[in-house]
Structure formats: C-alpha cells, structure tokens
Amino acid sequence: MQSFEVFGCFKRYFRPKRDVPDDIKRLLEDYSDNGRMNIENLHDFLKTVQGEPDVDVEQAKRQYQHKGLHLLHFLFSDYNHPLRAIPDDMKSPISHYYIYTSHNTYLTGNQFTSDSSVRPIIKALQNGVRGIELDLWPNSTNTGINVCHGRTLTSSVRLRKCLKAIKDHAFDVSDYPIIITFEDHLNKKLRAKVAHMVKSIFGKMLVEPKKYHKLTELPSPADLKKRIIISTKPPNESLESMDDKRATNNIRFSLISNCLEMKDSSDEDTNHNEEDVQDEIPEYRDLIAIHAVKHKGDVHDSLHIDPNSVRRLSLSEQELVEASIKHGPEIVRFTQRNILRVYPKGTRLDSSNYNPFDGWNHGAQMVAFNMQGYEKNLWLMQGMFRANNGRGYVKKPRFLCEDEPFNPNEVKKILKVKVYMGQGWHLEFHHAHFDYCSPPDFYTKIRLRMIGGPFGIRSLNFR
C-alpha cells in the first residue's frame, strides 16, 4: 500500500468582533450595502473619510470582484496601509523635504576602531540614502586624499574609490539627487586634486554652479534627477597651516579623553570663513553647490536668513536641543529656504543614534544617522523613509514650509486615538488557553509619531 504526504495551505480569516463600534456602524451604513462595498462605495469612502480621492480603486475591485469587499476587511488590508500614500511630485524646493542622510557613511562599525570601506556607502545608497558624508584627510605622505574618521584608530579608504562607488550605485533605487557633504581637512594642493577628481569621475552628473556664484534659491528634487550635489564650507587658506598641523598629529600621541573632546566639535569644523578667503582654489570652490557654515557663538546669528543666498547649517544633537528651547520658531523659519543638518554627538563611539524627531519637528532636512548598528532610533529613521516609495525624500508638513510663524514647542492639537478592534482576539482563545489558572490579559500598545499630514482610519499593530 502506497502512502502519500499531503501538505495544504490555508488562509485564515478572523471573525469581526460582534460589538462593532457605533462610528464604524455608521460608516457601514453610509458606504456599503450590508457591509459589502461596490466600486462607487469604495471611491466615496476614500475621498470623503480617508481624504484620498486619487487612489487606484480599480485594483481593489479586481481582487474582490467575485466576493465583494467588506469594509472591515478593507481597513485591515494592504490597501489601507499607513505607508500606502500618493507619491509626491517632487517639484517643491529641496528645503521642503526630509532627506535620508547618513553620518560617517564610510565606517563599517563603531566610530573609533572600525574599518573604513566603500561597502557601507554602497549599502546606504541601495537602501535609499541620499545624503553621504565623507571626511577628507591627507594620506601619510601628504600627497593623496584618504577618507577616514580623523583623530581615531579607524582605518582609511581612498577618496577615489568612494567617489567611484557613489557614481556606480547612486541611483540604484532612487533617481533623485545625492548630496555629498565633505568634512575638509586638506591643504591647498590637495583641494586642487579633489576638484580634478570629482569633476573627472562625476562629469555631467555634477551640479556645478558658475564661478563665484552661490545659489539664491534651492531647486527641486525633480529638477536634479540623477545629479550629484557637493556641499561643504568654502576653503580659507589662511587657516591651512593649522589644518596641516592637526592632520599630521597621530592619535597614538593623544589621550582618548582629548580625542572625544575634539571629535565633539570637529564635525565639519574646518573654520572656513567666507568673508576672509585668501589664495582660494577656484576649481575647488566652484564644486560647492550648497555652501555650508558651522554654528559658532550666538545661535540667533547663525539662523539669520539671507534673501540673496541659501546655505547649509550644521548643528550637533545637543546644540539643536539647546537652541530649540529659545529659538524654535527661528529654526523652523531658517529651514523653510535653507538646509539644516543635525549630526550625532562625538561621544557616540558605538555608532548609536539620537531621537530623529527632535530634528524633524523643527524642519531639519538632513538628520544624519549612523547606519552601522541595529537600534530603535535607526528603525524609526528607516521606517520614515519607506514613505514616498522609498525615494529618500519625504515632503515636510505644510506648516513647516509656510511663512506663517510656527513654534514646535507649543501644543497645537491633541490627537486622540481610538482602538476599534484587534485582529484575532474575539473568541479565538479559550479562557484557559495559555494558563489554566490565569486567563490571558491582552493589552494594546500604541506608539504614534505624527508630525503632520492628513490621516484617516488606519490599520494599527497591536501587542
């Protein structure tokens, strides 16, 4: 007698809870026929309740045309997924978008002893990151350019390899522009080499402003598809000898405590002063599409808005928190036409991260994160940029882009969340299913981080 092994796959449908909430009952009455929705019902529901008039209802109709679409099933389906939104047209200025940005992109692990490589750069680009940071230092003979985390024990990788990796993988998953931020610790001769190297590798992909010309307004991501943007501080050759001296100091002669103090203030800190530039390298300066400045002194002065130019300001996570207490509205106003980059404090040697919403709530476009680890704040960052089809650019809320004054530290609205039901709870478990002496105590854990935009009834994850 022959025996057979039989395997079957079954799709489980949970029974809707019998005690349907009153507001859901009203929706069932208004937008369905005994719970079943036709294509007109679905379109009216999406337009009136969800605020999504342009959703492809035909696709939902094709899937449910034989059995009809139950409203409760729709609310739990992928068609009502929180990230299923209409993609932005990408025609607003870059300053109106959050930009997926990495910090010390070239590092493979921690910030103090790990290797530098092109592999994390490629991985970041393939994950949709649009902001890449490279720290430029002279090599041991002072004749070439390395990328490394200066004043630490990290290894180095050649700049040419990093630039070629960026060119080869920049647009693997998104056609929208890459912003490369240089932390420049080079002398005049090496800056000339950087200029030649960048132009020869990127060619026409490079956004190269005219000589001695600064942008007066930021273009849109749609205008810069498949383009490369360089952003750094213009060089100040009067401080060149200071930079050379710092570059030749080896970490072997420094204490770790001194190193941490230096790193906390060294992110993009090359002390370039645009108003006192001597013997500048025009080829290098011409690479810089978005001029960067480092916050020094009174933050109120750093947030000054020049109507004739745009720039990028860098603040550490601590500087942002301190500045937001007294200058929240000014930070928002600054980010409406300029770029604000926030970076981790220098003591995060384990490549940990801070709460990204501290920056996002104030309109900061480039909240730079260490991409080397696995932790909650990084998951928030990754989840944020799944939106807009993973393009690496997510439109900021309208109130952060308008000229009307907005204070992120004031409560504008109170969001109330109502839990309608949990999938698979009702009558699915016997009272002694888990423990004979103690019935299961189900609970709901909801964590919402909303900073703007219309939200209808959305499916939620329960714990």
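**Salt bridges and their surroundings**

Modeller: Buried here means under 20% relative accessible area, exposed means over 50%, and partly exposed lies in between (1.4 Å probe, protein chains only). Please keep in mind that this is a predicted model, where local features need pLDDT of at least 70, side-chain atom pairs count only at pLDDT 80 or more, and totals for chains, interfaces and linings use all residues. Residues are numbered from 1 along each chain as its sequence is written, and side-chain values use heavy atoms, with hydrogens and water left out.

Colleague: How far apart are the closest N and O atoms of R191 and D184?

Modeller: Both R191 and D184 are buried. They form a salt bridge, and the separation of their closest N and O atoms is 2.7 Å.

Colleague: Is R398, which meets E402 in a salt bridge, buried or exposed?

Modeller: The side chains of R398 and E402 meet at 3.5 Å, N to O. E402 counts as partly exposed because its relative accessibility is 32%. R398 has a relative accessible area of 64%, so this residue is exposed.

**Surface and loops**

Colleague: Which helix gives the largest share of the positive patch?

Modeller: The patch is formed by R119, R158, R160, K161, K164 and K167. Patches are made of residues with over 30% relative accessible area and no salt bridge, with like charges joined within 9 Å and nonpolar side chains (Val, Leu, Ile, Met, Phe, Trp, Tyr) within 5 Å. R119 lies in helix α5 (residues 119–126). The largest share, four residues, comes from helix α6 (residues 159–169).

Colleague: What is the phi of M90?

Modeller: M90 sits in the loop between α4 (71–75) and β3 (97–99). This residue counts as buried because its relative accessibility is 0%. M90 is not a glycine, yet its phi is positive, at about 65 degrees.

Colleague: And where does N104 lie?

Modeller: N104 is another residue other than glycine with a positive phi, near 45 degrees. Its relative accessible area is 1%, so N104 is buried. Its place is the loop between β3 and α5.

Colleague: Which residues is S174 in contact with, leaving aside its neighbours within four places in sequence?

Modeller: S174 is found in the loop between α6 and β7 (178–184), and with a relative accessible area of 3% it is buried. Its C-alpha atom is separated by 7.2 Å from that of G392, 218 residues apart along the chain. Contact means heavy atoms within 4.5 Å, and the partners of S174 are R130, G390 and R391.

Definitions and conventions:
Areas by Shrake-Rupley, 256 points an atom, 1.4 Å probe, with all protein chains shown as cover. Salt bridge = Lys/Arg side-chain N within 4 Å of Asp/Glu carboxyl O. Lys, Arg positive; Asp, Glu negative; His and termini not counted. Charge placed at Lys NZ, Arg CZ, Asp CG, Glu CD. Helix = DSSP H or I, 4+ residues; strand = E, 2+ residues; numbered from the N terminus.
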